[in-house]
Amino acid sequence: MNPGDLGWLIAGVAAGFAIARLVRRKPGDSSGERTPVAVPELDPRFEQLVQSLRVGIVTLDRRGTIASINAAATAIFELAGKPTLGKALIEVVPSFDLDRRVRDALDGSAWRGDLSLNVPPRARMLTVSTIPVEGGGALVIASDETRLHELEQMRRDFVSNVSHELRTPLSSINLMIETILTTDLDEEALRLFLPRVKQEVDRMVQLVADLLDIARAEAGRLPLRIEELDLAAVAAKITSTLEPRAVQLGVVLRHGGASVWMNGDADRLAQILVNLTDNALRHTPAGGTVDVEVRAQQGSAALIVRDTGAGIPYSDLPHIFERFYVVDRSRARESAGTGLGLSIVKHLVEAHGGRVSVDSELGLGATFTCLFPALPAASVSGATPAS
Ligand SMILES: Nc1ncnc2c1ncn2[C@@H]1O[C@H](COP(=O)(O)OP(=O)(O)O)[C@@H](O)[C@H]1O
Ligand SMILES: [Mg+2]
């Protein structure tokens, strides 16, 4: 049973009580004119219970006007501060779909299903039950499932993205192997083919490693081997590793700044640097510059990667840390990546208790800044000569 079901169960039980009380006829009232018991006449403890439920509950009298509404329903239907009692539901919740279900319930037929509500300020996805009440009237039970639907959509997108990213290298590997098997290739042709097969396999291995990192980070299980380290030393090491690639691309790669000590995982910090610097190199045309700088900044260890490349359009900036987000596949000068790099960077920075931000002006380059909690220089055991 999922948590939603529990809510429904409680609501169901509560609703049973509510119905019994709300539709109770006055003794001796045989005219058929039913007077629903108003909410204040309910047992105050019961009313408190109904009010505190996370599911929305609205009771309607036999004409379909609102007899009672709990706090959750007020929130779900965005009715805070609006008069509701005594009004028809359609007057305050402008949904023809809901109105139709309510009228069906008043006519005696129950319904349960999903209902999208496009009332400003936001669109919502609700799960709604409309239940006829014996003797006239109806009960509307609603829960806001918007977040759940969004998560479900994200999950679907994720699966389709992963499948797509895996299928592309797999089909090209398949094609190349087929060619090798069916064609009488000489050694030279093979020497040409096999590195490309290897390249595609490497891409898949990297993709799977990235996915694993993301899955671990999102589950809060990214293991960090924390030690006291000098962020500048990590930066120096990584920039020298990437130097040959910068030369190959005709981009000047520089590193500078000063020592700043922090608690960090050297491998994970290196991964952050590789991701940011690789992006900078890939989006900077020959003749451009990529600067990697480390410095102390108001109690933080700042890692700044700045390039003079293509930059990032303003409208894309809020999204680039989302997984699989790629601005424009045609802009990168090599085959575009998978859009996982920055999402991993964000997770890794946050796992270190830091945060990452980006500034960019289209055509003038981009600057990524990571801020980590720094260690005061005096407290660093490795930095004091005495120890
Ligand atoms: N330094 C940069 N300059 C311009 N665009 C960048 C830069 N860094 C990242 N981007 C944009 O952000 C997107 C997401 O980056 P990332 O998550 O590393 O994915 P990937 O590198 O696999 O494309 C990139 O596709 C690119 O469009
Ligand atoms: Mg990248």
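Predicted model: local features only at pLDDT ≥ 70, side-chain atom pairs only at ≥ 80, totals over all residues.

Reader: Which residues make the contact of H7 with H10?

Author: From H7 come Asp210, Asp213, Ile214 and Ala217. They meet Ser343, Ile344, His347 and Ala351 in H10. By class, that gives four nonpolar, two polar and two charged residues.

Reader: Why are H6 and H7 called roughly antiparallel?

Author: H6, residues 146–182, packs against H7 at about 160 degrees. The cut-off for roughly antiparallel is over 145, so H6 and H7 qualify. Their axes lie 10 Å apart. H6 passes H7 in a left-handed crossing.

Reader: Which residues does H6 bring to H7?

Author: Among them are Val162, Leu166, Pro169, Ile173 and Ile177. On the H7 side, the partners include Phe193, Val197, Met204 and Leu211. The residues of this contact divide into 14 nonpolar, one polar and four charged.

Reader: Why is H10 said to be largely enclosed?

Author: H10 spans residues 341–351, and nine of its 11 residues are buried, so the rest of the structure largely encloses it. A residue is buried if 20 or more other C-beta atoms lie within 10 Å of its own. The buried residues are Gly341, Leu342, Ser343, Ile344, Val345, Lys346, His347, Leu348 and Val349. Across the protein, buried residues make up 30% of the 387 residues.

Reader: What covers the buried residues of H10?

Author: The cover includes helices H7 (187–218) and H9 (266–282). It also includes strands E11 (355–361) and E12 (365–373). After H10 comes Gly353, with a positive phi near 80 degrees.

Reader: Which residues come nearest to ligand 1?

Author: Asn279, Val327, Gly337, Gly341 and Leu342 do, out of 22 residues around ligand 1. Gly341 and Leu342 are also among the buried residues of H10. H9 and H10 each supply at least two residues of the shell.

Reader: How does that shell divide by class?

Author: The shell has 11 nonpolar, 10 polar and one charged residues.

Technical notes
Residues numbered from 1 in each chain as written. Chains lettered and ligands numbered in written order. Buried ≥ 20, exposed ≤ 12 C-beta atoms within 10 Å, placed from the backbone. Helix = DSSP H or I, 4+ residues; strand = E, 2+ residues; numbered from the N terminus. Contact = placed C-beta atoms within 7 Å. Near = placed C-beta within 6 Å. Nonpolar A, V, L, I, M, F, W, Y, C, P; charged D, E, K, R; others polar. Axes fitted to C-alpha atoms, helices over the stretch in contact; angles between N-to-C directions. Parallel < 35°, antiparallel > 145°, perpendicular 65-115°, else oblique. Left-handed = near helix turned anticlockwise from the far one by under 90°.
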